Structure formats: C-alpha cells, structure tokens
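Take the two chains in turn. Begin with overall architecture, then move to single helices and loops.

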Amino acid sequence: MKKSDFTILVADDDPDYLFQTVFNLKKAGYKTVAVESQAEAEAVIAKFRPDLAIFDLMMESDDSGFILCYKIRKKYPDVPVILATAVSRETGMSFSIDSEKEKSWIRADRYLEKGIRPEQLDQEIMKLLKL
Amino acid sequence: MAILKVLVIDDEPGIRSGVTRILKDFHVTYPFMDEDYTFELMEAPTGEDGIAVIERDKPDVILLDNKLPGIQGVEVLEYIREKKYDIMVAMITSYASLDIAIKATRDGATDFIPKPFTPQELKSSIENITKQLYLKRITRRLTEEGKQIRYQFLSVLSHELKAPLNALEGYLRMMQGKEAGDRIDDYANHIDRSLQRIQGMRNLIMDLLDFTKIRLEKKEGRMREVNLADVASGAIFAVRPYAIQREVTINLNVRSETKIMADPADMEIIFNNLVSNAVKYNKVGGKVDVTLDTTDSEAVITVSDTGIGIKKSDTENLFTEFVRIKNEKTRDISGSGLGLSIVRKIAELYFGTIEVESTPDVGSTFTVRLPRKSGNQET
C-alpha cells in the first residue's frame, strides 16, 4: 500500500490550520477530506469511512474533538484517530493518553500539540497506518 | 487514591451483599481527576437504619431501594434533601416501579438503577455518579474560590492567542521550505492570511485590555456627567473609514438629550463595540442607525443594522466571552469574541441591561438601557 491509497479526514475550525494541514498531507502523498466543523465531520463519518482522522479539540464546543473520537470509534472501531489541539497544559487538563484507562475514555490513538512539524505528523500517521 | 463512601439501603440481603461484592474492587477514573476513586461500602436494611448511618458516617453516594419495610425510599430522599446533604442518590427499583424512580429523579435522585441489574450495569451507574459527584464538587470548589470563570477564561484565552501564532508559524514554515513554489507570488495568499491573523490578534489584545480595565474598579474619580451624543459621534467618527470602505451609512438620531453619570471611557467602549459591529456585520451598502433616547429612569441606546442577522438559537450565548457565531456568513469576518461580553459587563456594572433583536439576513438591533440615577456603581 502506498500513501495515495489512504484518505485522511481532517476537521479543524481554524481555516488556516486546516489549509496548512491538508496542504502538508497532500504534499506527503495522502488523499484528504477537509471539514471545518464537528457537524460537517459527523456528516462525513456517517457516509464515508476514512483511513485515518485528525480532529481539532475545540470547535463548536470545547469537547468537539472528544465527541468525534467517540462517534468515529463507535462506527469504525479500527480507524486511527489523532486529536490535535493548541490547548494542553494551560488548561490544567492533562490529556496524555498513555494509560489504558484514559485511552478508553478519550478514544484517540495519538494526542498531538498543534504546531508540530509536518514531518513529525507524517511519521505519526505512517506509524498508525503501519506504512 | 480517593475513597467514596457508598451506602446501600435495601431490605434484600442478596442485593446488599451483591453490590458490596461488585464494587469492592471497582475503581473509577476520569481524565480530569487527579486520582482514581474506589469505594467503601456500608449497608442498611431499612430507611430508619439508613438515616442513622447517614448521620453517623456521611456517605457520598447512596443506592436506595424504594420499597422498604418501614419508611419508604422516597422519604429517605426527602430527608436528605431537607437536610441539604451533599449526597448523590441512585434509586434501585424494579422495572414495575419505574415511574417512582422517575419521580425520584425529579426530587433530587441523580440516577436510578432498575433491578435486576448486571454487575456491568451497576458499575456504569456508579461510574456515572462518581463523575457527576466529582464535577459537582470541583465546580463548587472553583466557584467558592471565585476561580471558575477565570479558569475557563484563561484556557479559552490561551487557545485564542495560540491559534493565530500556529497559523503564522505554519505559513512561515511553508515559505521557509518553499513548499508552494519558488516565487514570492506563490505565497500571496499565505501572506494575506498571515496579515489578517496578525490583525485579529491585535484586536484581541486591544479587547483584552478593555476587558481588564472594567475589572479594575475604582471609579470615584472618573465618574462625571457624560453626554452620550458626544460619545456616539466619537464612535461613529472612528469607524467611518471602515464604513466608507464597506459603503455603509451611519445615522445618529438623538431623540432627547441624553446625559448620565458615568466613566466616559466605559461609554466609549460600549459605543465603539456596538457601532463597529454594526458596520462589520452589515452588508455592503447597508445602513446603521444609532438612536439615543431617555425615559424618566433610563438612557436607552439603540444600534440597528441591516446586516446578516443572528439566528434565535445563537443569541443566547452572544454576550458570553469568546463566543463567536460561526457560519458561512461570518467566516471571513475577524473578531475576538470579547466585544459584546465587554459591553454586557459594563452595562451590568451600571445596573443596566443589554438585549438583542435580530432576524437573519434582515438585521440586528442592540439595545442598552442604563439607569440615569446610578450613583452607587462601586458595589
């Protein structure tokens, strides 16, 4: 399998961040579906199974990303999910998902801080897609 | 490791020992919790015994059967409610008496567990209750310390401040790596977007300064008689270049001379925000009406536009910090999400109100009412 066989769903309400992420993923060779809200992401998930999903945490609500993780896990249990957010330590919430227990709650495979470099993101995706 | 005391009030020994067995080694975790919760079990066969245990041991959670030999479960619930004890109660009931359970939830029970239940059902109920209890306690603690608002505010603020930085960083890296081509023109859109994000961030910082100002109260020295017509003219003057660009006309209607005692800087913030919003969210060639009127008791400021309007469901949170209505029509309009919350805070500081009437695609009218005799703002 090569990268162009995989479609990645990206949901982010920051148009610039969405543009950049999609740009970088396409450049790396993946196919992408880009949406700007939790609602749009849900509509996509209802009809289409992506090979991997990248969700922003805070969109319409503060926990949009969690809700999407939960919903996609329910429908497609084997689709890897990356949760990306700009907020972490400052909120006092530590969402590291190292332990099994936390994993079952947040249901994302990776938690990534926004601002990671494109190569890093690609590395993580390749690991998740077993490339 | 935190321990929650769970009291089981049920006349069937089998239920009591079953619950004890199931919860003995159970623990609940939650990403926001500092530690796991485990359970210490206590049992009571009647409501009377249950109340004795409540008084003695102050349990955190009660699993309460309704059908008991003496007083009924709902009476125990009533007792807890009257004493205002901070206890989460889940009713254990047979399916036949679900209506009682539902009534009990209205009377203060948190949950109900229909019996017979499987160990998994009991565990998920307890998990639920534990989370609710935890959130309730943490919320109360934060509220008591007056921190809750600040906490939310800071977390959202850090998000709002970091988002534009991330966007800028991303565009700069694309340029650094010549990702979109070798010519500077290949990056025209990136540069435009970067400049827009910088402007957005600048606006946020300006609004934030306003926001902190209204919290630092010591107004005695700054209260004076303010003619609102002057302030309105100033705000209209300031926004005029932008209005001309968008071909929006602004009219000021002074129905009666409107003077109130206020800090002029506060009044400027109100008018600047409302008038600039009315231009920003207007359609090209639209109209803004700023109207000042007075009643015996109030100064009434009305700012109407002929813009995109706001859906009814979106108006509820409109005056909350960092709430921006996101849709097709607003996506290219930048804003900090602070302006209207600042206006509301100032209005409330003067014991006034703000409200909005709006029809999508027709326009919005914001009305601020400020009491004219308001000599006691420093509360």
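Two residues are in contact if their C-beta atoms, placed from the backbone, lie within 7 Å. By that rule, residues 24 or more positions apart supply 66% of the contacts in chain A that have a separation of 6 or more. The model is predicted: local features need pLDDT of at least 70, side-chain atom pairs count only at pLDDT 80 or more, and totals for chains, interfaces and linings use all residues. Residues are numbered from 1 along each chain as its sequence is written, while chains are lettered from A and ligands numbered from 1 in the order in which they are written.

Chain A has five helices and five strands. Helices (H or I, at least four residues) and strands (E, at least two) are DSSP runs, numbered from the N terminus. Their order from the N terminus is β-α-β-α-β-α-β-α-β-α. A residue is buried if 20 or more other C-beta atoms lie within 10 Å of its own, exposed if 12 or fewer, and partly exposed in between; the C-beta atoms are placed from the backbone. Of the 131 residues in chain A, 37% are buried.

Now look at a helix pair. Two packed helices are described by the angle between their axes and the distance between the axes. Axes are lines fitted to C-alpha atoms, for helices over the stretch in contact, and angles run from 0 to 180 degrees between N-to-C directions. In chain A, the axes of helix 2 (residues 38-47) and helix 3 (residues 64-75) come within 10 Å and cross at roughly 5 degrees. Helix 2 of chain A is therefore roughly parallel to helix 3 of chain A. Angles under 35 degrees count as roughly parallel, over 145 as roughly antiparallel, 65 to 115 as roughly perpendicular and the rest as oblique.

Which residues of helix 2 of chain A meet helix 3 of chain A? They are A:Gln38, A:Ala41, A:Glu42 and A:Ile45. Their partners in helix 3 of chain A are A:Ser64, A:Ile67, A:Leu68, A:Lys71, A:Ile72 and A:Lys75. The residues of this contact divide into five nonpolar, two polar and three charged. Here Ala, Val, Leu, Ile, Met, Phe, Trp, Tyr, Cys and Pro count as nonpolar, Asp, Glu, Lys and Arg as charged, and the others, Gly among them, as polar.

Stay with helix 3 of chain A. Its buried residues include A:Ser64, A:Gly65, A:Leu68, A:Cys69 and A:Ile72. These cover an arc of only 135 degrees around the axis, so they sit on the same side of helix 3 of chain A. The arc is that of the directions from the helix axis to the C-beta atoms.

In helix 3 (residues 73-82) of chain B, the buried residues are B:Gly73, B:Val74, B:Val76, B:Leu77 and B:Ile80. They fall within an arc of 155 degrees seen down the axis, so they line one face of helix 3 of chain B.

Next, the backbone. Most residues other than glycine have a negative phi, and most peptide bonds are trans. B:Lys84, which follows helix 3 of chain B, has a positive phi, near 55 degrees. B:Lys84 lies in the loop between helix 3 and strand 5 (88-94) of chain B. B:Lys84 is exposed because 7 other C-beta atoms lie within 10 Å. B:Asp361 also has a positive phi, near 70 degrees. Its loop joins strand 12 (353-359) and strand 13 (363-371) of chain B.
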